Amino acid sequence: MFSINPNSGEPIYRQLTEQIKRMVAGGQLQSGDALPSVRELAAQYAVNPMTISKAYNLLETEGILERQRGKAMTIAQPTAATQSEQARLAQLLPQLVQLTLAAKQLQLSKHSVLTALTEQLDNAFNETE
């Protein structure tokens with residue numbers, strides 16, 4: 001369901017929160033959908049349960065998740081209209097800036113970066129079909 005990279009420079013709780021936000025914005029997670037328990041995710045990704053709990057708590061504070069006593073965390077009812085494609089693209093901007101900077105530092109051509117990115121997108125979209 002999620003893609004957690006413990007070797008990334010980005011903290012695991014942030015990787016998880018950003019992925020959940022994107023999945024909600026993109027419609028992959030809908031209002032009322034239950035998320036795996038803290039223990040399940042911690043075991044699945046071999047991380048400290050407090051890390052998962054921190055991510056869930058932050059998302060609850062932001063109004064993205066709802067906690068119901070004795071039940072799984074669920075995606076909250078949307079408070080505004082579904083985000084536009086432009087708003088969802090804006091969520092990618094920080095990663096695109098990092099990609100651009102890394103490509104420039106590695107002295108890669110625009111063509112080779114776009115080719116590699118297209119391959120990654122093709123692979124990702126083929127996995128979900």
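Q: Exposed means over 50% relative accessible area, and buried means under 20%. In this predicted model, why does Gln107 count as exposed?

A: Gln107 has a relative accessibility of 73%. That is over 50%, so the word "exposed" applies. You'll find Gln107 in the loop between H4 and helix H5 (110-128).

Q: What makes the phi of Gln107 worth a look?

A: Its phi is near 55°, a positive value in a residue other than glycine. Most residues other than glycine have a negative phi. Ala46 has a positive value too, with phi near 50°.

Q: Where is Ala46, and why is it called exposed?

A: Ala46 sits in the loop between H2 and H3. Its relative accessible area is 70%, which is over the 50% cut-off, so Ala46 is exposed.

Q: Why does Val97 count as partly exposed?

A: Val97 comes out at 47% relative accessibility. That falls between the 20% and 50% limits, so "partly exposed" is the label. Val97 lies in helix H4, residues 85-105.

Q: How do you know that the span of H3 agrees with what a helix should give?

A: Take 1.5 Å a residue: the 13 residues of H3 should span 18 Å. The end C-alpha atoms of H3 are 18 Å apart, so the two agree.

Q: Which residues of H3 are buried, and what puts them on the same side?

A: Ile52, Ala55, Tyr56 and Leu59 are buried. They cover an arc of only 95° around the axis, so they share one side of H3. An α-helix has 3.6 residues a turn, so residues three or four places apart point the same way. On the other side of H3, Met50 and Thr61 are exposed.

Q: What covers the buried residues of H3?

A: The cover includes H1, H2 and strand S1 (65-66).

Q: What makes up the largest nonpolar core?

A: That core has 20 residues, and those with the most contacts inside it are Phe2, Leu16, Ile20, Leu35, Ile52, Tyr56 and Leu65. Helices H1 (12-25), H2 (38-45) and H3 (49-61) each supply at least two of its residues. The largest share, 5 residues, comes from H1.

Q: What does Leu65 touch, leaving out residues up to four places away in sequence?

A: Leu65 touches Leu35, Tyr56, Leu59, Glu60, Met73, Thr74, Ile75 and Ala76.

Q: How do you know that Lys54 lies over the face of Tyr13?

A: Lys54 is at 4.0 Å from the ring centre of Tyr13, and the distance limit for a charge over a ring is 6 Å. As for aromatic pairs, a search of the whole structure finds 0.

How values were computed: Residues are numbered from 1 along each chain as its sequence is written. This is a predicted model: local features need pLDDT of at least 70, side-chain atom pairs count only at pLDDT 80 or more; totals for chains, interfaces and linings use all residues. Side-chain values use heavy atoms; hydrogens and water are left out. A nonpolar core is a set of buried Ala, Val, Leu, Ile, Met, Phe, Trp, Tyr and Cys residues joined through side-chain atoms within 4.5 Å. Buried means under 20% relative accessible area, exposed over 50%, partly exposed in between (1.4 Å probe, protein chains only). Helices (H or I, at least four residues) and strands (E, at least two) are DSSP runs, numbered from the N terminus. Contact means heavy atoms within 4.5 Å. Rings of Phe, Tyr and Trp (its six-membered ring) pair if their centres lie within 6.5 Å; planes under 30 degrees apart count as stacked, over 60 as edge-to-face and the rest as tilted. A charge sits over a ring if NZ of Lys or CZ of Arg is within 6 Å of the ring centre and within 35 degrees of the ring normal. The expected span of a helix is 1.5 Å times one less than its number of residues. The arc is that of the directions from the helix axis to the C-beta atoms.
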